[in-house]
Amino acid sequence: MALYEHVFIARQDVSQQQVEGLTEQFSTIIKENGGQIGKAEYWGLRNLTYKVRKNRKGHYTLLNIDAPHAAVAEMERQMGISEDVLRFLTVRVEEHETEPSAVMQNRGDRGDRGDRGERSGGGRFGDRERSFGGDRSSRFGDRERAPRRDRDDSEGGEA
């Protein structure tokens, strides 16, 4: 049998229990057609990049499927009929990941940002000096500027 990763997005106005019911319904279709579900992860209510059928958010669910193609095709057909499913995507994979998916690993993990402490140094401007108006020489270094010419001194003379 082939291995698949399947993600579907349910409407924002259905409850989490209804999404779990949809997951069970689609899992049953796979099992009845000779397949099995390795892992099911509920990713939660997340923002959509753009509106889909007037929905700004959706309930995301991942299924790791080990089933023949006919079982997956039947599940996708049922999802296309269901009004609660906004979108779905099935990808064939060589092997399933045993640890939690990247979405579940990153949930609430802000460790890569480090401890910012009292916000000392760095920041948006790095270590450069900040100048907000005032003396131009501080913004452009210590270079010398040539004096400006008057308009009367311009080439072409008077008209």
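## A first look at the chain

The chain holds four helices and four strands, where helices (H or I, at least four residues) and strands (E, at least two) are DSSP runs, numbered from the N terminus. Starting at the N terminus, the order of the elements is β-α-β-β-α-β-α-α. What you see is a predicted model, in which local features need pLDDT of at least 70 and side-chain atom pairs count only at pLDDT 80 or more, while totals for chains, interfaces and linings use all residues. Residues are numbered from 1 along each chain as its sequence is written, and side-chain values use heavy atoms, with hydrogens and water left out.

### The chain as a whole

Of its 159 residues, 26% count as buried; buried means under 20% relative accessible area, exposed over 50%, and partly exposed in between (1.4 Å probe, protein chains only). The accessible surface of the chain is about 12400 Å², and carbon and sulfur atoms account for 43% of that surface. Such areas come from the Shrake-Rupley method with a 1.4 Å probe, and for residues only the protein chains shown count as cover. Contact here means heavy atoms within 4.5 Å. Among contacts between residues at least 6 apart in sequence, 74% join residues at least 24 apart.

### Two helices side by side

Look next at helix 1 (residues 16–32) and helix 2 (residues 69–81), whose axes come within 8 Å and cross at roughly 150°. That angle makes helix 1 roughly antiparallel to helix 2, a term for angles over 145 degrees, with under 35 counting as roughly parallel, 65 to 115 as roughly perpendicular and the rest as oblique. The axes are lines fitted to C-alpha atoms, for helices over the stretch in contact, and angles run from 0 to 180 degrees between N-to-C directions. Helix 1 contributes Phe26, Ile29 and Ile30 to the meeting, and helix 2 brings Ala71, Val72, Glu74, Met75, Gln78 and Met79. By type, the residues of this contact are seven nonpolar, one polar and one charged. Ala, Val, Leu, Ile, Met, Phe, Trp, Tyr, Cys and Pro count as nonpolar, Asp, Glu, Lys and Arg as charged, and the others, Gly among them, as polar.

Gly34 sits in the loop between helix 1 and strand 2. Beyond its neighbours within four places in sequence, Gly34 is in contact with Met1 and Pro68. Gly34 and Met1 are 33 residues apart in sequence, and their C-alpha atoms are 9.3 Å apart in space.

Asn64 belongs to strand 3, and Asn55 is found in strand 3. Setting aside residues up to four places away in sequence, Asn64 touches Tyr4, Glu5, Gln36, Ile37, Gly38, Lys39, His96 and Glu97. With its neighbours within four places left out, Asn55 is in contact with Arg11, Gln12, Leu48, Tyr50 and Leu86. Asn55 and Gln12 are 43 residues apart along the chain, with 6.6 Å between their C-alpha atoms.

| Residue | Relative accessible area | Class |
|---|---|---|
| Gly34 | 43% | partly exposed |
| Asn64 | 3% | buried |
| Asn55 | 7% | buried |
| Lys54 | 77% | exposed |

Most residues other than glycine have a negative phi. Arg53 is not a glycine, yet has a positive phi of about 50°. Lys54, also not a glycine, has a positive phi of about 65°. Arg53 is placed in the loop between strand 2 (36–52) and strand 3 (55–67), and Lys54 lies in the loop between strand 2 and strand 3.
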